[in-house]
Amino acid sequence: MLPSAFCGMWRAAVHSLRPRRTPARRLVSTCDGVPVALADAETIFALSSGHGRCGVAVVRASGPASATALKCMTGLSGNLPPPRTALLRSITDPQSKEVLDRGLVLWFPAPHSFTGEDSVEFHIHGGPAVITAVLHALGSVPGMRPAEAGEFTRRAFQAGKLGLTEVEGLGDLIHAETEAQRRQALRQMSGELGRLYRDWTHQVKRCLAHVEAFIDFSEDELIEDGVLDKVDQWVCDLQAEMERHLQDERRGERLRSGVQVVIAGATNAGKSSLLNALCQRPAAIVSPIAGTTRDVVETALDIGGFPVLLSDTAGLRESPDLVEREGVRRARERVQQADLTLVVVDCTLLPSDAKKIATFLQGHLSSVLPTQPEQPETVFPEDRFLLVLNKRDLLPEGNGLKLDRELRLVSGLPPVCQISCITTEGLQDFLAVLHNSVRTLCGNPLSCAPTLTQARHRAHLQQCSAALAQYQRYRDIDLALAAEAVRLALMSLARITGRVGAEEILDIIFKDFCIGK
């Protein structure tokens, strides 16, 4: 036995580590006739609409003091207004009683609100002075404080109103800049991706419950035969489904963050002119002097509803200039990282012999993406490269059409477009080809199963799949280790959905088995 003195010290140490409750703070109301009996100031408020001048601004409050704030700010002395019903009221300062504005107020009693708490919204005029005055007045109400970034959504998650994937979808919807991004974010916010992951979580829980039950009760012959065989099949099917989900070529992530499109090629091919033509502004300096562009010039574009981050790079050539060499190094690095590379070629430099055009363009492509030592021949995937033959306006009349016919007979090249950045000839056809390539890279956000949109989802699903593979390896060696692998798979999924509990495992055990009957 431990000495009693040591036990006493141990108890004291444990007691000191326990969180101490802060004594309840008595709140004094500044509103006549409105009682306040809140123990802690946990009601938050913030401007929910965008900053800046606007016609209508929305100020939201959430928490136990919301009803107090509503009565203080609108002069209501009786019952609260009907839930979710707009009421036109004068909004006043609780201390000075000065009228700040006249607007609509809406009352959302718990749990039927965005956060699951009592909430109130003030729809006021969107002038900066009005917004500042209303926020200042709310801050004077006892029990209220300004909200931290994302705190309303955090409370909605904690109340079970939104899952973690739905929260991420809401964030993506707020930041969506293109139509395709909006569609993907709205689909995720609606819970479709979360439901898929929750279904997988339930399947893994079921597998773990059956394995744990077999370990604990099989010797007492209380478990039916073939339990582990069922688990083996479930694990195999689930892992195969996850692997199919992971093999999406990162379309959802690419759509969320934008397609990386890089303009590359030799000096004076018209790369900067192409960038300016696409973004319809002088984003890059254009000069007849070779090597004008030294650094990477970036601009964000909306190509047919899909987000694109377009980068102009330094011309690829050997140079004694240290600065230009650094620019060339950065250009090659961007090409390696790009989702799509626009290889710009001065079409006036093409050989006059049609039979040599294919060899010339292949060599030009190889100069943009050099062949690796272990790959004797460079392969140019059609979905990663577009050949842009610029300066079509400098070709003799009729040679452009002749070149089009000759290029159609050439195989082994990515799609080829002829354009003129000066006259804009061929630019619309090029944009159609570019849009098709970007759409292929991003996919249709509304078709088939929901796609991965976050890098963290991919990492956790890969860990989950690896853990399920461990179960299959350890199943006939050590069942306890196999069960631990399933538990690791469950934790990986829980990091995506944000919810898992031991009680749920026990519920499945006692639901699926008649233990101790």
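Me: Where does proline 111 lie in this model?

Reply: Proline 111 sits in the loop between strand E4 (99-108) and strand E5 (119-126). Keep in mind that the model is predicted.

Me: What kind of peptide bond joins alanine 110 and proline 111?

Reply: Start with the general idea. Most peptide bonds are trans. Now the case here. The bond joining alanine 110 and proline 111 is cis, with omega at about 0 degrees.

Me: How do I read phi, and what is its value at lysine 97?

Reply: Most residues other than glycine have a negative phi. Lysine 97 has a positive phi, near 65 degrees. Its place is the loop between strand E3 (87-92) and E4. Lysine 97 counts as partly exposed because its relative accessibility is 45%, between the cut-offs of 20% and 50%.

Me: Where does asparagine 268 lie?

Reply: Asparagine 268 is in the loop between strand E7 (259-265) and H10. Phi of asparagine 268 is also positive, near 60 degrees. Its relative accessible area is 34%, so asparagine 268 is partly exposed.

Me: Which residues lie nearest the centre of the second largest pocket?

Reply: Asn268 is one of them, along with Gly270, Ser273, Val286 and Ser287. In total, 24 residues line this pocket. Its volume is about 370 Å³. Helix H10 (residues 271-279) gives the largest share of the lining, three residues. By type, the lining holds eight nonpolar, 13 polar and three charged residues.

Me: How much space lies in the largest pocket?

Reply: About 580 Å³. Its lining has 23 residues, and Ala149, Gly150, Glu151, Thr153 and Ile174 lie nearest the centre. Strand E1 (43-47), helix H4 (151-158) and helix H5 (164-175) each supply at least two lining residues. H5 gives the largest share, six residues. The lining splits into eleven nonpolar, eight polar and four charged residues.

Me: Is cysteine 464 buried or exposed?

Reply: Apply the cut-off. Cysteine 464 is buried because its relative accessible area is 0%, under 20%. Cysteine 417 has 8%, so cysteine 417 is buried too.

Me: How many disulfides are there?

Reply: The test is sulfur atoms of two cysteines within 2.5 Å. By this rule the count is zero.

Me: What pLDDT does the chain average?

Reply: Read pLDDT as the predictor's confidence in each residue. The chain averages 83, and 85% of the residues score at least 70. Over residues 1-30 the pLDDT is below 50, and this stretch has 18 contacts beyond near neighbours in sequence. Residues 513-517 also fall below 50, with nine such contacts.

How values were computed: Residues numbered from 1 in each chain as written. Predicted model: local features only at pLDDT ≥ 70, side-chain atom pairs only at ≥ 80, totals over all residues. Heavy atoms only, no water. 1 Å grid on protein atoms, 1.4 Å probe; cavity = no way out; pocket = protein on both sides within 12 Å on 5 of 7 lines; lining within 4 Å. Points joined across faces, edges and corners; volume = space filled by probe spheres on them. Helix = DSSP H or I, 4+ residues; strand = E, 2+ residues; numbered from the N terminus. Nonpolar A, V, L, I, M, F, W, Y, C, P; charged D, E, K, R; others polar. pLDDT = per-residue confidence, 0-100. Contact = heavy atoms within 4.5 Å. Buried < 20%, exposed > 50% of the residue type's maximum accessible area, 1.4 Å probe, protein only.
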